[in-house]
Amino acid sequence: MRKLLIATKNEGKAKEMKQLIGSYFDDVVTLNDFDGSVNIIEDGRTFEENALKKARVIYTLYRQPTLADDSGLEVDALDGKPGVMSARYAGENATDEDRIKKLLDELKDVPDDKRGAQFVCVLVFIDKQGRIYQTKGICRGKIAFEPRGENGFGYDPVFVPDGFDRTFAELDSQIKNQISHRAKAFENLKKILGEIYNEDTCD
Ligand SMILES: O=P(O)(O)OP(=O)(O)OP(=O)(O)OC[C@H]1O[C@@H](n2cnc3c(O)ncnc32)[C@H](O)[C@@H]1O
Ligand SMILES: [Mg+2]
């Protein structure tokens, strides 16, 4: 039986990751399902460093195939902030609403044509033998003037992906899962998984 540990405590992210991983694994669990106590300090300077750290810590503890996602929002008018600080943008115990409010405050004088932004997702997968694989996905869009919609999580109510006039939180989750930063990173990861699990040496 193929088991996958997803090294995240973010329920919204975990839900999407479970939807996107498809049928490569028979049993997929996240930190909230089996070990909510582990605390990983995300002190990397890049999404790559943080994703690698999360995957390595969990793989080292459990020696099972492990997948970590480090992601965030880079806003052009803020020189790429909040970036790797996206989760802690409004302090350690802040909510998604607090983070959105801070972002909209900082952008209150920025006109529509200067509100470009991108979501970035880096995935790190460590297979049973400890081999490390990394993929990345980017989704361009812009920041709305006020939050709209109930779907998704995090900054979704203020992110309007290119080619749409609705926010990720207004769009159906199926559409987000086709065009998002995470969807793109998973497309590449699935090619890698296809190769790994065809080798037959790895279960
Ligand atoms: O580290 P884990 O436990 O995985 O959970 P986290 O929420 O801390 O996740 P990150 O460290 O990767 O920080 C990502 C931040 O960017 C936000 N984010 C990432 N992907 C997003 C998406 O698809 N839609 C909206 N917000 C997103 C998310 O809400 C966090 O505030
Ligand atoms: Mg985090």
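Mentor: Helices (H or I, at least four residues) and strands (E, at least two) are DSSP runs, numbered from the N terminus. This is a predicted model, where local features need pLDDT of at least 70, side-chain atom pairs count only at pLDDT 80 or more, and totals for chains, interfaces and linings use all residues. Residues are numbered from 1 along each chain as its sequence is written, while chains are lettered from A and ligands numbered from 1 in the order in which they are written.

Trainee: Which strand gives the largest share of the shell around ligand 1?

Mentor: A residue is near a molecule if its C-beta atom, placed from the backbone, lies within 6 Å of it. By that rule 21 residues surround ligand 1, the closest being T8, N10, S86, A87 and G154. The largest share of this shell is five residues, and they come from strand 3.

Trainee: Is D70 buried or exposed?

Mentor: D70 is found in strand 3, residues 66–75. A residue is buried if 20 or more other C-beta atoms lie within 10 Å of its own, exposed if 12 or fewer, and partly exposed in between. D70 has 26 such atoms within 10 Å, so D70 is buried.
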